[in-house]
Amino acid sequence: MKKGLLITLIIVAVILIIVIWGVGKYNAMQRAKIDVQNQFAQVQAAYQRRYDLIPNLVETVKGAANFEKSTLTAVVEARAKMGGTLQLPKEAVNDPQAFANLQQANEGLSSALQRLMVVVERYPELKANQNYLSLQEQLEGTENRINQERRIYNDTAAKFNKLISVFPNNIIAGMFNFKPVEMFKAAAGAEQAPQVDFGV
């Protein structure tokens, strides 16, 4: 009788240890997933800030005599494409297509802004315009913030992906449908993150 009770207690203790271990692993994965989603929101906030600066920049530049309309049109169109990706839900980190669309729209907007800054070099009155200079400075700071937030996101995402991939964590991850998250990649052909050259 005592032997049977002892075996039962050992079995219950082993099951309890496994359950506690599983709950701990699940909670660690859930916290890491929330960290990824929160950092994704920080990237989106930085994108939103740049998005909000562009209308004022376009209006300021539009005031310059004979400014190339095609350059402004490209910026406005790229901004519109970016606008459709700014309110992606946090689950987009697990959606390769939505994530790729966000990255493509961001690259398009960055490229259009770079072309705008190059064209501005031909307009001394713009380079002396205080409003333009202020917007330019804010935009440069925002570009730096975007790069920083994306870097932090990638670090956070890499930690999460590693956490759910290693054994025995991958068993718990599979049971509760934790999936690897997408990461930002450098633009095709680029060896480093694009930077805006304001040439002030």
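Gln44 is buried, with a relative accessible area of 12%; buried means under 20% relative accessible area, exposed over 50%, and partly exposed in between, with a 1.4 Å probe and protein chains only. Gln44 lies in helix 1, where helices (H or I, at least four residues) and strands (E, at least two) are DSSP runs numbered from the N terminus. Leaving aside neighbours within four places in sequence, Gln44 is in contact with Thr85, Leu86, Gln87 and Leu88; contact means heavy atoms within 4.5 Å.

The model is predicted: local features need pLDDT of at least 70, side-chain atom pairs count only at pLDDT 80 or more, and totals for chains, interfaces and linings use all residues. Residues are numbered from 1 along each chain as its sequence is written, and side-chain values use heavy atoms, with hydrogens and water left out.

**Confidence**

The average pLDDT of the protein is 86, and 92% of the residues score at least 70; pLDDT is the predictor's confidence in each residue, from 0 to 100. Residues 196-200 have a pLDDT below 50, yet this stretch has 13 contacts in the model beyond near neighbours in sequence. Where pLDDT is low, the predicted coordinates should not be read in detail.

**Core**

The largest nonpolar core has 49 residues, of which Leu57, Val61, Phe67, Leu116 and Tyr153 touch the most other members. A nonpolar core is a set of buried Ala, Val, Leu, Ile, Met, Phe, Trp, Tyr and Cys residues joined through side-chain atoms within 4.5 Å. At least two residues of this core come from each of helix 1, helix 2 (69-83), helix 3 (96-120), helix 5 (130-165) and helix 6 (169-175). Helix 1 gives the largest share, 13 residues. Apart from neighbours within four places in sequence, Leu116 contacts Leu57, Val61, Phe67, Thr71, Leu72 and Val75.

**Selected residues**

| Residue | Relative accessible area | Class |
|---|---|---|
| Ser110 | 6% | buried |
| Ile172 | 7% | buried |
| Ile15 | 48% | partly exposed |
| Asn177 | 53% | exposed |

Ser110 is placed in helix 3. With neighbours within four places in sequence left aside, Ser110 is in contact with Arg50 and Glu143.

Ile172 belongs to helix 6. Not counting residues up to four places away in sequence, Ile172 touches Trp21, Gly22, Lys25, Tyr26 and Met29. The C-alpha atoms of Ile172 and Gly22 are separated by 7.0 Å, although the two residues are 150 residues apart along the chain.

Ile15 sits in helix 1 (residues 2-62). Together with Ile7, Ile11, Val19 and Val23, Ile15 makes a nonpolar surface patch of about 430 Å². Patches are made of residues with over 30% relative accessible area and no salt bridge, with like charges joined within 9 Å and nonpolar side chains (Val, Leu, Ile, Met, Phe, Trp, Tyr) within 5 Å. A salt bridge is a side-chain nitrogen of Lys or Arg within 4 Å of a carboxyl oxygen of Asp or Glu. Accessible areas come from the Shrake-Rupley method with a 1.4 Å probe, and for residues only the protein chains shown count as cover.

**Backbone**

Most residues other than glycine have a negative phi, and most peptide bonds are trans. Asn177, in the segment after helix 6, has a positive phi of about 60° although it is not a glycine. Phe167 and Pro168 are joined by a cis peptide bond, with omega about 5°. Pro168 is in the loop between helix 5 and helix 6.
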